[in-house]
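Please open the model in your viewer and keep the selection panel at hand.

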Amino acid sequence: MKILVFSWKQPSMAKSQTSVGSEEPSSSRPWESYHTVYTSAKAGMEGVDKEKVQRIVYEMSKGSKYFENEEKKEAYMKQKIENMRAQYSKLTPQDISHHQKMADKRILELEATRDLSRIWLHVDMDAFYAAVEALCNPSLKGKPMAVGSMSMISTASYEARKFGVRAAMPGFIARKLCPELLFVPVDFQKYTHYSDLTRKVFQNYDPNFLAASLDEAYLDITTVCEERGITGGEVAEELRQSVHLETGLTCSAGVAPNRLLAKVCSDINKPNGQFVLPTDRSAIMTFISSLPIRKIGGIGKVTERILNDVFGITTCEDMLQKSSFICALFSRSSADFFLSVGLGLGGTDTPQYKMRKSISNERTFSATEDEALLFQKLVDLSEMLSADMIKEGLFGRTLTLKLKTISFEVRTRAVTLPSYICSSEEILKHASKLLKAEFPVSLRLMGLRMSHFSDDKNGIPADPTQKTLSDFILSGDASGGKMSDYRPLVSDVCDNTFSVNLNCCPTYSAETSCDLRDSSMENQTSDSTFSCRILRNINEELNGTVVPQSSEPGAKVHEPTNTDHKMKSEKIDSYTGQLEACHRDSWKNGFSCVADEAGSISDQKQFFVWVDDYKCSICGIELPPSFTEERQEHSDFHLAERLQGEESGNNHRSFVRQQRAAQKGHTGSSGRQKKKQKSSPTASKYVPIDAFFVKSNQNF
């Protein structure tokens with residue numbers, strides 16, 4: 001068993017990571033300021049000649065579209081830093097004192113939430129894709145190898161990392177760094193198989209483990225340690241051995257009181273090692289004091305640059321020392337995150353299960369404008385997306401196409417379909433239309449994402465908080481109130497109480513209404529029975545016939561005449577007046593409800609952006625830039641929400657206009673006629689039956 005000590009070894013390539021142009025380059029050594037994701041360090045890259053890597057990456061990138069895109073991002077980043085520096089310089093001593101008090105108060109509140117009762121384990125497979133390929137092909141063992149192609153590398157073996165080769169690096173740059181580098185094509189089916197084997201092992205220690213990706217997971221091992229009387233380190237050692245026996249692969253583990261620290265710990269002794277952080281506050285604060293901020297999940301290159309260049313923050317301990325400035329210049333949620341990092345706080349409870357909001361896949365390839373080749377890529381993506389959806393039993397309506405051009409510009413197109421789909425044929429049909437709209441274009445990445453899911457195959461709502469139509473009807477109102485609080489109003493009668501015939505007016509079915517409502521409604525008949533009687537009479541007469549009350553055979557049906565039509569119109573006015581007198585309040589409330597709903601739809605059309613690169617401009621939620629997948633799903637959520645609103649907007653607007661027309665007509669008939677109305681056979685006093693009902697503002 002290794003003796004674990006609290007020391008942090010800063011990798012040689014991880015010092016002061018910045019972006020392009022963050023330092024003033026000398027005329028003879030311009031690469032010294034060129035810091036991209038390609039030059040940042042990963043586990044296994046200790047001792048790499050950083051200057052050599054920078055120089056080769058610079059020389060191979062200069063003049064390319066990637067280089068131009070990095071220069072644009074650098075210009076934007078410099079402007080953002082200058083703006084924050086200007087705000088920083090405007091802070092007066094009184095401002096700093098005020099924000100320091102706020103920060104101290106918030107630190108005490110956050111400290112009170114510290115939970116040291118749980119033991120979390122983060123397990124991370126070692127160079128997963130490359131290790132799987134070496135396991136399947138033993139001739140690759142011990143050789144510098146990368147999974148990917150000359151366009152992009154997905155994973156590099158530890159032998160290749162010694163040369164500076166890493167994931168997310170173009171293959172042609174990697175080959176320049178390591179001429180002996182071997183390339184192996186990506187095989188996700190193989191990686192998924194081995195991932196499933198590892199997860200079977202994880203379930204033995206935590207049935208509710210959280211899978212972060214194919215090759216990493218979080219496990220709450222508190223119960224296992226208590227039941228078996230062993231330490232977290234012993235569980236980690238046992239789990240790693242079990243994974244090796246089951247798969248032949250190695251993994252690294254980190255044990256800590258929360259998930260944030262456990263992930264950091266799993267990276268310390270990679271590969272095939274582990275690190276245990278004791279469940280003790282003093283040990284945590286000692287550990288976090290010298291920890292580089294870039295090691296924290298959620299703090300990427302951009303955030304690190306801002307914190308370093310504006311505030312001089314390089315370690316997690318600096319977060320607390322500069323807490324007043326953080327509270328002054330960042331939003332509440334961002335400041336809380338940074339202060340929590342400084343305190344070594346992280347998630348300790350098992351997150352509640354959340355239904356999937358979207359499912360996607362994307363692939364990077366050599367830049368091309370060949371339409372036939374691009375359509376073939378789209379076929380492959382459609383088949384993969386369909387297979388993933390079928391595996392999880394998902395059907396979606398909103399399809400999003402993601403494209404990255406040769407100039408690294410990211411474009412997205414989306415469409416919301418009239419029905420839910422999951423077949424590759426349907427996905428391809430609609431995705432092809434989205435792609436054709438972009439031609440001509442040269443692309444280097446393509447992706448498909450499906451969202452706005454329906455109920456699953458078992459009929460359970462995709463979102464547990466989303467009410468079904470049956471729940472809405474049985475509960476009596478859209479808010480889910482109890483039936484004991486339900487008061488029958490005309491606006492509460494649902495659309496299911498009508499059997500629609502396209503060739504005539506809707507006919508009211510009292511039997512359907514009674515069946516759908518709870519038995520507790522039987523005693524509540526004063527208003528609802530009156531309303532139903534009126535509606536029944538209206539429907540009978542609008543259909544042009546009066547059903548005979550006698551049950552004797554041969555009962556004669558009254559044929560409508562011109563006089564009958566006139567009487568019918570007068571009776572409708574009478575019924576309308578009775579309804580308005582009985583339910584004037586609910587009638588008015590119904591109009592305001594629809595008007596509010598129409599307003600909310602228009603509000604969703606505002607442009608979606610990340611304010612300060614963190615805050616959603618629509619709902620205000622904040623996500624760090626490195627949370628790429630979460631930000632994409634959040635963007636899809638608003639996109640689907642907006643498209644749904646646009647779909648239903650026309651119906652709502654037409655209904656509002658119909659209601660206004662009904663109100664205007666009623667006002668004109670009740671008051672003194674100041675202007676003689678022109679008679680017309682079409683200008684009758686007929687009021688459509690659905691005007692007596694305020695439609696729900698829920699989307700079903």
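Select helices H2 and H12: H2 passes H12 in a right-handed crossing, a crossing being right-handed if the near helix is turned clockwise from the far one by less than a right angle, and left-handed if anticlockwise. H2 covers residues 65-89 and H12 residues 301-311; their axes come within 10 Å and cross at roughly 40°. H2 is therefore oblique to H12. Angles under 35 degrees count as roughly parallel, over 145 as roughly antiparallel, 65 to 115 as roughly perpendicular and the rest as oblique. Axes are lines fitted to C-alpha atoms, for helices over the stretch in contact, with angles from 0 to 180 degrees between N-to-C directions. Helices are DSSP runs (H or I, at least four residues), numbered from the N terminus.

The model is predicted: local features need pLDDT of at least 70, side-chain atom pairs count only at pLDDT 80 or more, and totals for chains, interfaces and linings use all residues. Residues are numbered from 1 along each chain as its sequence is written, and side-chain values use heavy atoms, leaving out hydrogens and water.

Next, select H16 (residues 371-392) and H17 (residues 424-436), which pack at an angle of about 140° with axes 9 Å apart. H16 is thus oblique to H17, and passes H17 in a right-handed crossing.

Within H16, pick Phe375. Phe375 is partly exposed, at 22% relative accessibility (buried means under 20% relative accessible area, exposed over 50%, partly exposed in between; 1.4 Å probe, protein chains only).

Finally, select Met60 in helix H1 (residues 50-61). Met60 is partly exposed, with a relative accessible area of 31%.

Definitions and conventions
Helices (H or I, at least four residues) and strands (E, at least two) are DSSP runs, numbered from the N terminus.
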